[in-house]
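Here's a quick tour of a protein chain, written for someone new to reading structures. Have a look at the picture first, then work through the points below.

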Amino acid sequence: MFQIRYRIFGNTQELARMTAQDFDADPGICGEIQISFGEHTVGFCPDGVLWDNAYGSEWLDYWFQSFLEVLICFTNRSTYAAFPAIEYYGIWLEFRKIGSDVIINVTNEGPETVHSLFLTEKDPLFRYVEPVNTKIPYEQFKKAILDSAKQFRTEMECLNPKLQNTGYMRKITGYIHQLT
């Protein structure tokens with residue numbers, strides 16, 4: 001099973017008032033995100049009522065863009081993609097497409113000198129968190145990402161329709177259209 005849970009919070013009042021130009025000048029949709037697969041869980045997504053002035057520590061737009069870019073890589077016949085869990089120093093999520101499955105690993109030591117937030121070739125410095133090589137059917141993986149990304153896009157549109165014209169949201173929408 002591969003699951004993405006997220007929650008937008010923190011800067012929602014600010015986002016509700018922003019223009020697309022303001023957002024593009026200072027992007028970032030705050031919240032929390034939790035990715036679960038096999039025995040691994042990366043991140044945390046709170047349930048229930050949040051305290052006043054709660055502020056999410058994750059950039060949700062980054063996460064959804066990165067997951068969609070993994071699918072784009074696989075659609076373009078690449079078999080490898082990795083990106084850092086930016087709020088967790090040294091942690092990367094690694095994805096390999098093998099046949100009709102995706103093999104997912106979590107690293108606890110990543111390349112410190114990489115100046116990219118997305119890799120399409122394995123870095124020899126990666127060290128993995130046990131258990132390794134969690135196998136997920138590709139179609140299930142793809143559906144979980146697309147369903148969550150579509151829900152995120154809809155929530156953002158309800159929060160502020162103007163944000164659909166931002167660079168990030170246009171990119172996310174374009175990826176969704178390309179993949180469906």
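## Starting on the surface

Arg77 is exposed, with a relative accessible area of 77%; exposed means over 50% relative accessible area, buried means under 20%, and partly exposed is in between (1.4 Å probe, protein chains only). Before going further, keep in mind that this is a predicted model, where local features need pLDDT of at least 70, side-chain atom pairs count only at pLDDT 80 or more, and totals for chains, interfaces and linings use all residues. Residues are numbered from 1 along each chain as its sequence is written, and side-chain values use heavy atoms, with hydrogens and water left out.

**The chain as a whole**

- The protein chain has five helices and nine strands; helices (H or I, at least four residues) and strands (E, at least two) are DSSP runs, numbered from the N terminus.
- If you read along the sequence, you get the pattern β-α-α-β-β-β-α-β-β-β-β-β-α-α.
- Of the chain's 180 residues, 50% count as buried.
- Take the contacts with a separation of 6 or more: 66% of them are between residues 24 or more positions apart. Contact here means heavy atoms within 4.5 Å.

**Helix 3 and its surroundings**

- Helix 3 covers residues 60–75, and 15 of its 16 residues are buried, which leaves the helix mostly covered.
- Its 16 residues should span 22 Å at 1.5 Å a residue, and the end C-alpha atoms sit 23 Å apart, which agrees. The expected span is 1.5 Å times one less than the number of residues.
- Gln65 is part of helix 3, and Gln65 is buried, with a relative accessible area of 12%.
- Which residues does Gln65 contact, leaving aside neighbours within four places in sequence? They are Tyr168, Lys171, Ile172 and Tyr175.

**Where helix 3 meets helix 4**

- Helix 4 takes up residues 138–159, and its axis comes within 10 Å of the axis of helix 3, with the two crossing at roughly 145°. Axes are lines fitted to C-alpha atoms, for helices over the stretch in contact, and angles run from 0 to 180 degrees between N-to-C directions.
- Helix 3 passes helix 4 in a left-handed crossing, meaning that the near helix is turned anticlockwise from the far one by less than a right angle.
- On the helix 3 side, the residues making the contact include Phe64, Phe67 and Leu71, while on the helix 4 side they include Phe141, Ile145 and Phe152.
- Sorted by class, this contact has 13 nonpolar, two polar and two charged residues. Ala, Val, Leu, Ile, Met, Phe, Trp, Tyr, Cys and Pro count as nonpolar, Asp, Glu, Lys and Arg as charged, and the others, Gly among them, as polar.
- Helix 4 has 22 residues and reaches 31 Å from its first C-alpha to its last, close to the 32 Å expected at 1.5 Å a residue.
- Among the buried residues of helix 4 are Tyr138, Lys142, Ala149, Arg153 and Met156.

**The nonpolar cores**

- The largest nonpolar core has 48 residues, and Phe2, Trp63, Phe67, Leu68, Phe95, Phe141 and Phe152 have the most contacts inside it. A nonpolar core is a set of buried Ala, Val, Leu, Ile, Met, Phe, Trp, Tyr and Cys residues joined through side-chain atoms within 4.5 Å.
- Which element gives the most to this core? Helix 3 does, with eleven residues.
- Phe95 touches residues including Phe67, Phe74, Tyr80, Ile103 and Phe141, not counting residues up to four places away in sequence.
- Apart from that core lies another one, of five residues, among them Tyr80, Ala82, Trp92 and Phe126.

**Backbone spots to look at**

- Arg77 has a positive phi of about 75° although it is not a glycine.
- Asn133 is also not a glycine, and its phi is positive, near 60°. You'll find Asn133 in the loop between strand 8 and strand 9, where Asn133 is partly exposed, with a relative accessible area of 41%.
- Pro131 is in the loop between strand 8 (127–128) and strand 9 (134–137), and a cis peptide bond with omega of about -10° joins Glu130 and Pro131.

**A cysteine in strand 2**

- Cys30 has its place in strand 2 and is buried, with a relative accessible area of 1%.
- Cys30 and Asn11 are 19 residues apart along the chain, and their C-alpha atoms are separated by 6.2 Å.
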